[in-house]
Amino acid sequence: MTDYNAAEELNPEGTPPAGDTRSVLTAQEVADLLQVSYKVIIAMAKDGEIPAFRIANQWRFLRADVDRWLQV
């Protein structure tokens with residue numbers, strides 16, 4: 001059995017391929033998805049304007065929550 005390496009799934013820019021449907025997103029992935037800056041996403045997460053949570057001092061976003069938030 002081979003070990004899973006998520007980094008192997010990234011394109012040369014270090015981001016997931018277009019159409020990727022990961023269930024947990026980073027702040028940069030959300031910023032890319034919404035076409036805004038990383039700083040805007042972090043500020044929105046801190047202010048509770050976008051559904052997010054922290055793991056090991058890093059912001060994470062559930063894809064399903066972001067999709068629902070976009071539809072409101």
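This is a predicted model: local features need pLDDT of at least 70, side-chain atom pairs count only at pLDDT 80 or more; totals for chains, interfaces and linings use all residues.
Mentor: Residues are numbered from 1 along each chain as its sequence is written, and side-chain values use heavy atoms, with hydrogens and water left out.

Trainee: What is the average pLDDT of the protein chain?

Mentor: pLDDT is the predictor's confidence in each residue, from 0 to 100. The protein chain averages 84, and 71% of the residues score at least 70. Among the helices (DSSP runs of H or I, at least four residues, numbered from the N terminus), the mean is lowest in H3, residues 63-71, at 95, and highest in H2, residues 38-46, at 98.

Trainee: Why is H1 called roughly perpendicular to H2?

Mentor: Helix H1 (residues 27-34) packs against H2 at an angle of about 110°, with the axes 8 Å apart. Axes are lines fitted to C-alpha atoms, for helices over the stretch in contact, and angles run from 0 to 180 degrees between N-to-C directions. Angles of 65 to 115 degrees count as roughly perpendicular, those under 35 as roughly parallel, over 145 as roughly antiparallel, and the rest as oblique. H1 is therefore roughly perpendicular to H2.

Trainee: Which residues of H1 and H2 meet?

Mentor: Ala27, Gln28, Val30, Ala31 and Leu34 of H1 meet Tyr38, Ile41 and Ile42 of H2, where contact means heavy atoms within 4.5 Å. These residues divide into seven nonpolar, one polar and no charged.

Trainee: Why is the pairing of Asp67 with Arg63 called a salt bridge?

Mentor: A salt bridge is a side-chain nitrogen of Lys or Arg within 4 Å of a carboxyl oxygen of Asp or Glu. The N to O distance for Asp67 and Arg63 is 3.3 Å, so the pair qualifies. The whole structure holds two salt bridges.

Trainee: How many residues apart are Asp67 and Arg63 in H3?

Mentor: Asp67 and Arg63 are four residues apart in helix H3, so about one helical turn separates them.

Key: Helices (H or I, at least four residues) and strands (E, at least two) are DSSP runs, numbered from the N terminus. Ala, Val, Leu, Ile, Met, Phe, Trp, Tyr, Cys and Pro count as nonpolar, Asp, Glu, Lys and Arg as charged, and the others, Gly among them, as polar.
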